[in-house]
Amino acid sequence: MDVEITKVVAAERLEGAWELYADAFEELRAAAVQRHLMRRTEFDEVMADDRVEKYLAYDGERLVGLATVTNDLNAMPLISPDYFAHRWPNHYAQRRIWYLGFIAIQLDQRGGAVRALLVDRLWQPVRANRGVAALDICSRNDGLGLPRAIHRALELLSPDVVATRLDAQVYWAYELPAAS
């Protein structure tokens, strides 16, 4: 298995990347309140944004994994760079904070080597710079143990890694019962 790192996904690979991404996150459409699946236009913009590195994992010619990461926090529209600047001022000033936009893995490859390979590759610049890596995980995936799985993988690469929950958002609904 090989991982290609690129700033811009080539036009001839864009459709396959979109299909992988859309399939990987389809289940979250109805499982999470906040939209976790980008629209196609948003996806294409991210794939063309050279501030965001794209990691494409191939098993032969088949794209089996795709991830995005950046240390230019202004490239991520739904996070607050001010939060990171306040919490880690030195890291922020030195651009040693990486934000992971997503990791998408072919459904038939989940639980296999693809995630470990992508995590390893994504972690390399963070480890080399003694930095911080952050990402968001919806409560559904939190409940499935994704943060623990990522932490175990990172501990194998860096035994001194410390995992910290940064924030949480809770959605509430207030419903009136139907009239009898």
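**Note on the predicted protein chain**

1. The protein chain carries 21 positive and 26 negative side chains, and the centres of these two sets are 5 Å apart; Lys and Arg are taken as positive and Asp and Glu as negative, with His and the chain ends not counted, and each charge is placed at NZ of Lys, CZ of Arg, CG of Asp or CD of Glu.

2. On the basis of the note: this is a predicted model, in which local features need pLDDT of at least 70 and side-chain atom pairs count only at pLDDT 80 or more, whereas totals for chains, interfaces and linings use all residues. Residues are numbered from 1 along each chain as its sequence is written, and side-chain values use heavy atoms, with hydrogens and water left out.

3. The secondary structure amounts to 8 helices and 5 strands, arranged along the sequence as β-α-α-α-β-β-α-α-β-α-β-α-α; helices (H or I, at least four residues) and strands (E, at least two) are DSSP runs numbered from the N terminus.

4. The radius of gyration of the protein chain is 17 Å, which agrees with the value near 16 Å that a compact globule of 180 residues would have; the radius is taken over C-alpha atoms, and the globule rule is 2.2 Å times the number of residues to the power 0.38. Along the principal axes, the C-alpha atoms fill a box of roughly 65 × 40 × 30 Å.

5. Of the 180 residues, 38% are buried, where buried means under 20% relative accessible area, exposed means over 50% and partly exposed lies in between (1.4 Å probe, protein chains only). Among contacts (heavy atoms within 4.5 Å) with a separation of 6 or more, 67% are between residues 24 or more positions apart.

6. Arg95, in the loop between helix 5 (89–93) and strand 4 (97–105), has a positive phi near 55° although the residue is not glycine, and Arg95 is partly exposed at a relative accessible area of 43%. Arg130, in the loop between helix 6 (113–128) and strand 5 (132–135), likewise has a positive phi, near 50°, in a residue other than glycine, and Arg130 counts as exposed at 52% relative accessibility.
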